[in-house]
Amino acid sequence: MTVDYIFDFLTGLLGGFLGSDYLLLASMLIPCLAIFGFITIYALIVIYAELKVSSFIQDKVGPMGQGVGLHAGKWGLLQPVADALKLLLKEDIIPSSADRPLFILAPFMIFIGAFISFVAIPFGESIIVADLNIGLFYILGVGSIAVLSLILAGWASNNKWSLYGGMRSAAQIVSYEIPAGLSLIVVIMLAGTLNLQDIIKYQEGGIFNWIIFDNPFVPIAFVVYFISALAEVNRTPFDLPESESELVAGFATEYSGMRYAFFFLSEYANMFVVSAVAAAGFLGGWQSPFDGFMSTPAWSVFWMISKTGFLIFVMIWLRWTLPRLRVDQLMNVCWKVFLPIALLNIFGVAIWTVVFNS
Amino acid sequence: MGVVHGQEMVLNIGPQHPATHGVLRLQVKTDGEVISEITPYLGYLHRCFEKHCENVTYEQVIPFTDRCDYLASMTMNFGYVVAVEKLMDIKVNDRVQHIRVIMAELQRIASHLLATGVFGLDLGAFTPFLHMLRDRERIIDLFEMTCGARLLYNYMWVGGLSHDLPKGFVEATLNFLDYFEPKIDEFENLLGHNKIFVERTADIGIMPAEVAINFGVTGPNLRASGVNWDLRKDDPYSIYDKFDFNVPVGQGIKGTVGDSWDRFYVRLQEIRESVKIVRQAIDQLPKDGDVHQSMPKKIRPPKGSIYSRTESPRGDLGYYIESDGSDTPSRLKMRSPAFTALGVLDEIAGGWLMSDVLAILGSLDIVLGEIDR
Amino acid sequence: MSEDIQVLIDDVVAKALAGDMDPINNIEDRVTRSKAKAALVKAKRSQPETEIKSKDSEVSEHSDVKAKDTIEHIVIASLTKNFSNFLDGEQNGEWIQMKPENWFDIAKHLKENEDLYFDSLQCNTGFDLEGGMLESRYNLHSMKHLHAIEIRIKVSIENPNIPSVESLWRVADWFERETYDMFGINFTGHRDLRRILLPEDWEGWPLRKNYEEQETYHGIVVPKVKEGWE
Amino acid sequence: MKRYFTDIYESVSSILGGMGITLMHLIKARNDNVTLQYPEEKWPRPERNIGFDHNSYNVIRSRLHVDMDDCIGCLKCERACPVDCIKIVTEKAPVRGEDLKEIKHKGITSNGTRKALVVTRFDIDMSECCYCNLCTYPCPEECIFMTGGPNAKKHPIDYEFSEPDRSDLIYRFAKKGAKEGLAEMNAKQEAEA
């Protein structure tokens, strides 16, 4: 485990000077900081990508500038930095009638949910913070903390729009957990394990060993999972909790400044988590698509991030193409379309495995 | 188990809300997501248009008409000058008429582009909105080329126009139309036939023809309900009887006649018809003719009153002018089409979900500047 | 003014009166042109009114005016069969002047009679006639028969009550609220007669000719003179 | 049941179709866009000249300007203004059509009209101006115009007339000291008489 490696390394380096309690604390904090740094940098990049992709789709040019100091740097590269700075420096307003402790708690909780999911995401054979043997289950589990915090945010704001947003998000995320989980069961059935590393290792040996190409039922499971994941992270066409033309900004209506930034950040972090799970479960994770070629640890990080990045790009692309669903249609799609398909898929995969693979 | 009745909640949508197209306040009674009653409160944008008009001369009214429906200023000017010209019995020459028709139809395209785009935006589709704004931009460039203003033109004057067409306008317009026509199909595919969009709009907010007529709804909203009523055809003013165009009527392709999708689709079809009219008007445009030819030196209509209607992008735009023979109108009332269109909201949108209500509001294409005057 | 200019002006004015505006517009000199136009306006005014009206009907080739002439008579004839004493004073053929008393029943007849069938209320305008009278004007139109009339109802400013037609034409709901808002005409029988464009607590009826703005509104002084001009 | 599957088919096909359209825009990003990088690039000015003299008058409406040397104080523009943003005060000139060097008053306009009045105040409040162009047409001397007008060379077309203070948007065109100077001159004349 990563913490053990770091602890051993630190003990070897500083064992004489500090007690082992401090070193244990330090060796736990270092990966946390690394994840935090990763999320921040990743969020800046994805925000930039979102700005540019949306602009190009809409025939605009997006943030542009002539150089540092003017506007947002060359090609607007500094725009996300400027956005982050703006959010940091903004006045933090807590409405007088809000439920103060809960109002303050909500953004942190949503961020924690996204943050601790990163612990179990593998970037390489040994590049993982905690190689849990129920990694997949763990990610699905802690991902649900988001629901709680969205309801908290909606309730604590003491605003009718926020309440609507919170209630919508509760119904939506809880419902879509089910098809998402059921589609991942296909992966678990094929790989025979909940450990993400083992699932990835199961897909070793080039692009055709990936689970998505295992049998004709899996691509359907992948699509169902991807769309359900889209709904879980509240992205268009499922952005009902914050649908800006109906609910102003939904659960985030009363938030400003840094607190709002946390919602923003965790939305993007969640996007990464669900895409990473899809990449690990269906697209071979950090495995190179060319069997054995380009599969050093550095390459494995590259493959993992590029597969995830592609899925994130598809999410952005979908967002700027589609209108938003209505709240009852959302439920219809979940219970009447995805759930039966996901269940049938499980049977299909099971039969296929029995007939062809055994 | 019986039906659970929750407590009703009163919710204010607006005056500041992203979906109210201005400063409109809708007080709604909601039971969960279902909205049972809608009470619109107007007047946040009231600028005393009618009172102003009683204190300025007839030509000075024109800039104020611009500001009523700021998305279709040309047609607002057009309606006003047609009314005053009828009152004064002025006949303007053919070149002026043609230029006016070209401008009004270009304005109709621009206004419908924004209406359909914003309708998409209300449903969460951002990209079609910006594509439509992009093409509206090109139309506005044409207007700027003609009269120097981009939004509030003050272009049509009683008895003429403020400027003649500039050199190169005809070519620029034809270029634009050639570029623009394929884009309409693209809008239709990107937004109109998208399944999510269809699900959100078809069979939502159905407005039967009788309701529409009784509520005085006009323009594309009325035509979407299946009533073939277009003042350009049924009571032709200016030279609209010279042109060959169809009046698109709602047919309920995706749902029922008179639903939100029909209102969207009728506007899209009208854009195509307007393109046809502009092409014909440019073909027939007389080469010579002074645009200031019939302009009276002093506008003093004879004593009397007139109610004159024209077809603005939003419907029947009526001007009721009472003249007492002086150079200021004694009473000028604008019958604004969006005003009546908003009046029907409670009737057709009560009982729908919150998202639907905002979709229906978007499909009615209201402009608050014109409602509040 | 030299004589030949005067001759020229007389000439073009005569032509313009005959309907040909081109000679007048083709005059090169700005001053002469404007003089000619002034002479034309003068000449037009001096013509008897009936002549202008006949020209009106010539100008609008669509038989609108003709139909309008007859529609008033048809409407009055149809109404006299069912109602008595509804006309208010002399009728001039352009509109129908009515008394407010049984306006609701008349409106119902206008809307539901098969021959008239005015199913659409186009516009409702208030008007201050000055001298203590207010007027409410209705422009009715039939989508079926394509005819239109204007009906005017005069009431005194002390007792401005007119029956509401809101339950017949629902569009009148807001039209009447607007007229009430601007003129203070009280539409009896209206479900929800409130101010529509102005705030609930606004004082006075702004479009009456003798209206004066209130001095303060919620403690804010209503500005009446432009500031910032020293 | 058939409806169920056609719905799914329609959703998938229309969504993929929409994604195809957006992807084409993404790839050909700069084909159709109309965005300008504002301070570096500016709107192409409308290339047309209209009005009194076809070569020198531009339609552009950006700010009113008055050539005081040509203004005869006829008040036509003040009367034409629908929002009353023009304020003119005139006083009788001592001698008609003669230059008054003390207050830089020109007696004869470039059109050759002899001025009978001295304009002592000519204020335009651009914060109230509605850019309707109604004031420029009645002017007999063509001296009030939107910039980019007859003297486009003297007053280049510009869009940015922002001011930090509202009162800075009141432009005072009358010659400085005209009022006092005229009063002084009149007093002097009286004294001489």
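**Cores, interfaces and a sheet**

Tutor: We begin with the largest nonpolar core, which has 250 residues; A:Val273, A:Ala278, B:Val84, B:Leu345, B:Val357 and B:Ile360 have the most contacts inside it. A nonpolar core is a set of buried Ala, Val, Leu, Ile, Met, Phe, Trp, Tyr and Cys residues joined through C-beta atoms within 7 Å. This is a predicted model, in which local features need pLDDT of at least 70 and side-chain atom pairs count only at pLDDT 80 or more, while totals for chains, interfaces and linings use all residues. Residues are numbered from 1 along each chain as its sequence is written, and chains are lettered from A and ligands numbered from 1 in the order in which they are written.

Student: Which helix gives the largest share of this core?

Tutor: Helices (H or I, at least four residues) and strands (E, at least two) are DSSP runs, numbered from the N terminus. The largest share, 16 residues, comes from residues 257-282 of chain A, which are helix H10.

Student: Which residues does B:Leu345 touch, not counting those up to four places away in sequence?

Tutor: Contact means C-beta atoms, placed from the backbone, within 7 Å. On that basis B:Leu345 touches B:Ile38, B:Pro40, B:Ile360, B:Leu361 and B:Leu364.

Student: How many residues of chain B are in the contact with chain A, and which element gives the largest share?

Tutor: The contact takes 23 residues from chain A and 27 residues from chain B. On the side of chain B, the elements that each supply at least two residues are strand E1 (9-13), helix H4 (94-122), helix H5 (126-147), helix H7 (195-201) and helix H14 (354-364). The largest share of that side, five residues, comes from H5(B).

Student: How do the residues on the side of chain C that touches chain B divide by class?

Tutor: That contact takes 27 residues from chain B and 30 residues from chain C. E2(C) gives the most to the side of chain C, with six residues. Ala, Val, Leu, Ile, Met, Phe, Trp, Tyr, Cys and Pro count as nonpolar, Asp, Glu, Lys and Arg as charged, and the others, Gly among them, as polar. By class, the side of chain C has 17 nonpolar, six polar and seven charged residues.

Student: Is C:Lys111 buried or exposed, or partly exposed?

Tutor: C:Lys111 is in helix H6 (residues 103-112) of chain C and is in contact with C:Phe118, C:Asp119 and C:Leu168, leaving aside neighbours within four places in sequence. A residue is buried if 20 or more other C-beta atoms, placed from the backbone, lie within 10 Å of its own, exposed if 12 or fewer, and partly exposed in between. Because C:Lys111 has 19 C-beta neighbours inside 10 Å, it counts as partly exposed.

Notes:
Contact = placed C-beta atoms within 7 Å.
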